[in-house]
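Here are some notes to read with the structure open beside you. Take them one at a time and find each residue as you go.

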Amino acid sequence: MPPIVKVSKLDKYFGRLHVLKSLSIKVESKEVICIIGRSGSGKSTLLRCINFLEEPSAGVIEVDGIKVEGGEKGGRHRQLVHDVRLKTGMVFQEFNLFPHMTVLDNVIEGPVTVKKMDRSKAVELGEMNLERVGLSQKRDEYPNRLSGGQKQRVAIARALAMEPRVMLFDEPTSALDPELIGEVLNVMKKLAKEGMTMLVVTHEMGFAKEVADRVVVMADGEIVEESSPAQLFARPKDPRTQALIDRYRSGGQ
Amino acid sequence: MSLSAAKRKTPSKSQSELIFEAQQRKERQFRSNVGLSWGLLLILLVFLFTGEKLNLGIKLIHLDWDFIRANIGFISSGVGVTFYLSILSIFLATLLALLAALGRLSIIPPIYALSTFYVSLIRGTPLFLQIFFFYLALPQVGINLSGLMAGVIALGLNYGAYMSEIFRAGLSSVGKGQREAAQAIGMTPTQTMTRIVLPQALRFAIPPTGNEFIAMTKDSALISATGFVHELMWRATKVGRAQFHSLEALIMAAVFYWMMTLVLSAVQSRIEARLSKGER
């Protein structure tokens, strides 16, 4: 089976700053990959290049067979980017729920507006996905009435309602109070068990250890190490990985 | 009887409650004193126009009440015209302001330039001149606008330029994350704008637009200068000049303007309160 996501020789510059350096990575179907690394290592940028929230400077992004060259312009490119976005679900650190819509309307906005699905069908789909994140009873609330953890779970349901082939999580628990992190991680664990392909940028080492099939360590725009969590946490090869793990062990995260 | 039940029976208040009540009393007192002072100022103002002779040899301003009675109907029917004129103008202004604000976000140079050019030109010239331009200057090139049309276009263009800042602020109040979330679920730029950004920006812009509308009801008085729009100011100056009773006529018009702005302000603060407690 071909990989769901294939990133080849991805380069990204912000002005003169070289934030991703000819980076390549593959995500197989049903695989859960956690990307760890210090802030500024380029891990969020990598995620945002996969669904083209950041336009790659160079390189090729392939999602579920759709191949897009970075740094291109024009209508064909825009169409390909659109197709890639339909295959990827994204969850943001800051949730980014639409504050002027109810929880259910947030979830069905994509299916109705983008996929032109019948409203009644979309409502069914929306309720099903709210059920998955355990928030059916909040369907008619507005986001400002929810806790951070609930907001993030709604954001996950919103992404799932587009029925993506891969879910991208960009530090999904970093903006949450510590006591609310668990409920979001539990939803993510459930998704992983259901066989969802996931790419997770996180500082939650415990989650990486428990759920990831593969942990990728990034530093300075490059992948410095990748292996199974058991191996990585027991015998890190790169000193930068060692430093991350030490910080985690000393109670940092 | 247990001790705690006995305690609950005695209505002794905690210190924090007492402090809170004292604060509330103070606030109530302040508000009622302000209200009282307003009343006194109003009485004083009315008294100034009673025409009484005071002991010190000062005579207060005398108003001709017969003139007022005879003309109050004529002047007050300008309220509707003023309101109508302002409604038309605010619609035009809102539309132009929105377009100018969107133009300001454009990455297409001519559109961006058109927006900034419009705002700069209009804000750089007097409103009074603009009104005359549409009414007096355009006929010279064969464009004849009615006084009402000229007035509405001038007011709309003028307020549109100023209000574009309101809409720009409204658009930029919608965070980048909102656009990204919309893009991530596959929305096109147009869908993102109409479904996600504009609804939030407009909600932000409603209270300041209300303020502009109130200001506009007053600036619409300038249109009386065209001589053909029978709004409040035109009516007041017409009868005032004709019968040498501008004092009474202008005072009547002032009272009507004041009442209008008071009513509109009340409506506006109610809308504002509803929006702020709504689902933001």
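1. A salt bridge here is a side-chain nitrogen of Lys or Arg within 4 Å of a carboxyl oxygen of Asp or Glu. By that rule the count comes to 20 salt bridges over all chains. Keep in mind that you are looking at a predicted model. The idea behind the rule is simple: side chains of opposite charge can pair when their charged atoms come close.

2. Start with a pair that crosses between chains. Arg195(B) forms a salt bridge with Glu109(A), and the closest N and O atoms are 2.7 Å apart. Arg195(B) sits in helix α9 (residues 189-219) of chain B while Glu109(A) belongs to helix α3 (residues 103-114) of chain A, so this pair joins two chains.

3. Now a pair inside chain A. Arg139(A) and Glu127(A) meet through their side chains in a salt bridge, 2.1 Å from N to O. The two are twelve residues apart and link distant parts of the chain: Glu127(A) is in helix α4 of chain A, and Arg139(A) is in the loop between α4 and α5 of chain A. Both come out as partly exposed, with relative accessible areas of 27% for Arg139(A) and 31% for Glu127(A).

4. Glu165(B) and Arg168(B) form a salt bridge at 3.5 Å, N to O. They are three residues apart in helix α7 (residues 147-172) of chain B, so about one helical turn separates them. An α-helix has 3.6 residues a turn, so residues three or four places apart point the same way. Glu165(B) is partly exposed at 30% relative accessibility, and Arg168(B) is partly exposed with a relative accessible area of 30%.

5. Salt bridges can also be linked up. Look for the network of salt bridges that connects Arg48(A), Glu54(A), Lys176(B) and Glu180(B).

6. With 16 residues at 1.5 Å a residue, α6(A) should span 22 Å, and its end C-alpha atoms are 24 Å apart, which agrees. Which residues of α6(A) are buried? They are Leu180(A), Ile181(A), Val184(A), Leu185(A), Val187(A), Met188(A), Leu191(A) and Ala192(A). These cover an arc of only 155° around the axis, which puts them on the same side of α6(A). Turn to the other side of α6(A) and you'll find Glu179(A) and Lys193(A), which are exposed.

7. What do the buried residues of α6(A) pack against? Their partners in chain A are the strands β3 (32-37), β7 (166-170) and β8 (197-201), along with the helices α4 (119-132), α5 (148-160) and α7 (205-211). After α6(A) comes Gly195(A), with a positive phi near 95°.

8. Chain B has a helix to check the same way. The 28 residues of α4 (residues 78-105) of chain B should span 40 Å at 1.5 Å a residue; the end C-alpha atoms are 40 Å apart, which agrees. Among the buried residues of α4(B) are Gly78(B), Leu85(B), Ile90(B), Leu98(B) and Gly103(B).

9. Have a look at the outside of chain B, too. Phe30(B), Val34(B), Trp38(B), Leu42(B), Leu45(B), Val46(B), Leu48(B), Trp258(B) and Leu262(B) make up a nonpolar patch on the surface, with about 890 Å² of accessible area together. Both α2 (15-48) and α11 (246-277) of chain B supply at least two residues each, but α2(B) gives the most, with seven.

10. Finally, two backbone angles deserve a second look. Most residues other than glycine have a negative phi. Ser22(A), in strand β2 (residues 17-27) of chain A, has a positive phi near 45°. Lys116(A), in the loop between α3 and α4 of chain A, is not a glycine either and has a positive phi of about 55°. Ser22(A) is partly exposed at 41% relative accessibility, and Lys116(A) is exposed at 59%.

Note on methods:
Residues numbered from 1 in each chain as written. Chains lettered and ligands numbered in written order. Predicted model: local features only at pLDDT ≥ 70, side-chain atom pairs only at ≥ 80, totals over all residues. Heavy atoms only, no water. Patch = residues over 30% accessible without salt bridge, like charges linked within 9 Å, V, L, I, M, F, W, Y side chains within 5 Å. Areas by Shrake-Rupley, 256 points an atom, 1.4 Å probe, with all protein chains shown as cover. Helix = DSSP H or I, 4+ residues; strand = E, 2+ residues; numbered from the N terminus. Expected span 1.5 Å × (residues − 1). Buried < 20%, exposed > 50% of the residue type's maximum accessible area, 1.4 Å probe, protein only. Arc of directions from axis to C-beta. Contact = heavy atoms within 4.5 Å.
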